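Open the structure in your viewer and keep the selection tool at hand. This tour goes stop by stop.

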Amino acid sequence: MFACTQLVEKRVRKLLRKKYNTTLPRFDVLAQLDSSNGTLSMGDLSQRLMVTTGNVTGLIDLMEQEGLVERHPHPTDRRSTLVQMTALGEQLCSTAMPAHQEWIQEMLKGMTEDELSQLHQLLGKTKAAIAAREEQWEKKRTRAG
């Protein structure tokens with residue numbers, strides 16, 4: 001599983017850099033914002049990307065300098081900051097997203113529809129099993145600590 005992920009990621013990183021002069025982490029941020037109508041809190045973004053808030057802060061700093069996103073105070077939570085895509089970020093996302101989907105489809109071209117469906121189902125089951133175990137480990141850690 002890890003080897004497949006690395007192969008796909010390596011190819012996507014290369015193509016994003018070459019065709020859109022961007023990085024996979026920037027693309028991931030834009031994709032997450034796009035799936036949330038363009039705005040997320042820094043905390044939600046961190047959870048969705050499965051990285052620390054410190055990592056997200058540094059990334060958002062760079063993306064803000066590039067004009068891809070902007071920060072706004074949360075209207076009801078003074079401790080929270082919202083990240084929103086700019087028009088430039090939306091433009092990059094709207095052009096890179098379809099290309100990204102095509103790249104993935106091209107990489108999986110040798111698989112039948114049945115095999116792709118089965119793969120999707122099994123990966124979903126794997127993700128759920130790992131998440132359940134992670135929850136159990138977290139409960140044990142909390143009780144022990």
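Select serine 80. Serine 80 is buried because its relative accessibility is 15% (buried means under 20% relative accessible area, exposed over 50%, partly exposed in between, with a 1.4 Å probe and protein chains only). Serine 80 sits in the loop between β2 (69-73) and β3 (81-85); helices (H or I, at least four residues) and strands (E, at least two) are DSSP runs, numbered from the N terminus. Now show its contacts, meaning heavy atoms within 4.5 Å. Leaving out residues up to four places away in sequence, serine 80 touches Ser41, Pro73 and His74.

A note on the model: it is predicted, local features need pLDDT of at least 70, side-chain atom pairs count only at pLDDT 80 or more, and totals for chains, interfaces and linings use all residues. Residues are numbered from 1 along each chain as its sequence is written, and side-chain values use heavy atoms, with hydrogens and water left out.

Next, select asparagine 21, in the loop between α1 and α2 (24-34). Its phi is positive, about 50°, although asparagine 21 is not a glycine. Most residues other than glycine have a negative phi. Asparagine 21 is exposed, because its relative accessible area is 61%.

Move on to asparagine 37, in the loop between α2 and β1 (39-41). Here too phi is positive, about 60°, and the residue is not a glycine. With a relative accessible area of 78%, asparagine 37 is exposed.

Last stop: methionine 1, in the segment before α1 (2-20). Which is methionine 1, buried or exposed? Methionine 1 counts as exposed, because its relative accessibility is 65%.
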